[in-house]
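Please look over the model shown here together with the notes that follow, which are grouped by topic.

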Amino acid sequence: MSSKGPQATAAQPAIVLDVVVIGAGFSGMYALHTLRAAGLKARVYDEAHNVGGTWNWNRYPGARVDFPVAPYYCYTFSDELMNEFDWPERQPDQATVLKYLNFVADRMDLRRDIELGTRITDATYDETRQRWWVDTSRGTPIDAQFVVCASGALSTANMPKIPGIETFAGECYHTGRWPQDDSVDFTGKRVAVLGTGSSGVQSIPHIARQCQHLTVLQRTPQYTVPAGNKPVDPDFVANARATWPEIKQRMRVTPFGSPFQASTVRAEEHTPEQRREVYEKFWQVGGFNIVIDTYCDLFTDKFSNDTLAEFVRDKIRSIVKNPETARKLLPNYLIGTKRQILDEGYYDTFNRDNVTLVDLREDPIVEFYPGGVRTQSGEHPLDMLVLATGFDAITGTLQRLNPRGRGGVTLNECWKDRFNSYLGITIPRFPNLFMITGPGSPSVLYNMTASIEQNVDFVSNTIDHLREHHYTSIEAQPREELAWTQYVDWISKQTIYTKVKSWYNGENVNGKPAGFMPYAGGGLTYFEFVRQAVDNGYRGFTRSV
Ligand code: NA7
């Protein structure tokens, strides 16, 4: 990146905007809709050739929503969108979510202000003008007062660094950057999937059914439960539409942003037999019900957590016929510390004759070679490698953009040791730059769409406020940023999330500053913090003219 950043010249005049929005996924599209409605000249840029963000890129087989059932993983701001789009299944697949986002783009007439196939390559704050210079892969500079980073929590692929991987001569795909043309064909091929998070667990049963042989390269076994996916009952949808205002209200007050009331019973209140009966019932129902409807202390009490973990381990032992394979699949950490996975026949897939499980803890990868992968115990010849290795989550995309703020400071300098923010939305020395679902906001621990709407509404209302009062910039104060970051840290340590390595705390990416990134205190508390900051005259922010 140049130290001066992009500049307009007589030969290359800038596009002048009020707001540049980076990313055309759920957050960028809602930001555009809201900012335009507020009378601002806003434009969205996305390097993809389609809207949809993560739902555009994650086209791997089996990709589905893993939030409690349709129609709650959707925008809530418009009744028309709720009434006019029919969600066919409880756990909508990637194609349906992408169809929904394309429907929204048309219904809200967003496309005329979205520039696809255009990556934002640079963003530099011009202190004298209190505006941002932004550059794109097309080369035309943009001169904007505000930058909204709607670049997504799961948008930068985590590419594993393994000896020889670049020499592998077969087809190689990352689940989060899946080819956009449906060209991947597993038929007759020897395929390996590296990684058993949501993307691996969702794709493995589908790939196994199509390929000649599948090798699953597993570093950490996962707890996964049946998705219980099924067609959405028309009466359920009719009822959801009729009671949409109440549902939205319920979504706002539950800790995870789903409209379902969690259980109030503690695990120790039941006998082992009763617990087994309860877990079995919700295992059969499928979905997140097994953690929502069973016991309220699953994630706060080790005894309670162990009861569910052991139930899932028993399920693995009973489903997987080969005891040695079953043993390798048994997780031994607290359930719920990594993102809970919903699957479609994952464990049963290991009963297939064409599937081999390699436990990388016992049999580590030595190297990839042009024709396959060599582990300590021998060679696995391959035609295709699927990297289900996850994301440089929440901060990765912004770190790669590495905007330059006041005094020429770069974001990576500010985030050298930890991912500081004030309220998860703003960072000192980066005036007029807003993050949607950034580190320090509930983001992935809450209903993502509701998280997004709340953050975007804050941004839009804030810009409105600045304009009304003739301020030209707003910036978080370092003292408030420190206090918020310490509070986010502290609250994460009260939960079980910090007890294992996961992408929540950045430990899946080599060299990434450690620290739990999302705000784990629940959406309602977070919304209240934001509301109070605003109501107290934008406490913690400096507004300048
Ligand atoms: P995740 O959940 O980060 O899973 C990535 C998987 O890849 C996980 O099993 C990792 O093992 C494994 N991994 C990553 N790097 C390596 C290397 N170098 N060697 C071996 N194995 C590796 O990503 P997903 O895409 O599945 O899901 C992300 C979110 O998307 C998900 O939580 C949902 O919210 C939607 P590890 O566990 O680190 O040992």
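**Strand sheet**

Four bridges join β13 to strand β14 (residues 372-375), and the two strands run antiparallel. This is a predicted model, in which local features need pLDDT of at least 70, side-chain atom pairs count only at pLDDT 80 or more, and totals for chains, interfaces and linings use all residues. Residues are numbered from 1 along each chain as its sequence is written, and side-chain values use heavy atoms, with hydrogens and water left out.

- Within β14, Gly372 is the bridge partner of Tyr369.
- Strands (DSSP runs of E, at least two residues, numbered from the N terminus) pair if DSSP finds at least two bridges between them.
- The open sheet is formed by three strands in the order β13-β14-β15, with antiparallel pairing; its edge strands, β13 (365-369) and β15 (378-381), each pair on one side only.
- On average, neighbouring strands of this sheet are turned by 20 degrees against each other, direction ignored, with axes taken as lines fitted to C-alpha atoms.

**Helix α4**

- Helix α4 (residues 94-107) has 14 residues, which at 1.5 Å a residue should span 20 Å, and its end C-alpha atoms are 20 Å apart, in agreement; the expected span is 1.5 Å times one less than the number of residues, and a helix is a DSSP run of H or I of at least four residues.
- Because 10 of the 14 residues of α4 are buried, the helix is largely enclosed by the rest of the structure, where buried means under 20% relative accessible area (1.4 Å probe, protein chains only).
- Among these buried residues are Gln94, Tyr100, Asn102 and Phe103.
- The buried residues of α4 pack against α1 (26-37), α2 (54-57) and α3 (79-84), contact meaning heavy atoms within 4.5 Å.
- Just after α4, Asp109 takes a positive phi of about 55 degrees.

Technical notes. Buried means under 20% relative accessible area, exposed over 50%, partly exposed in between (1.4 Å probe, protein chains only). Axes are lines fitted to C-alpha atoms, for helices over the stretch in contact, and angles run from 0 to 180 degrees between N-to-C directions.
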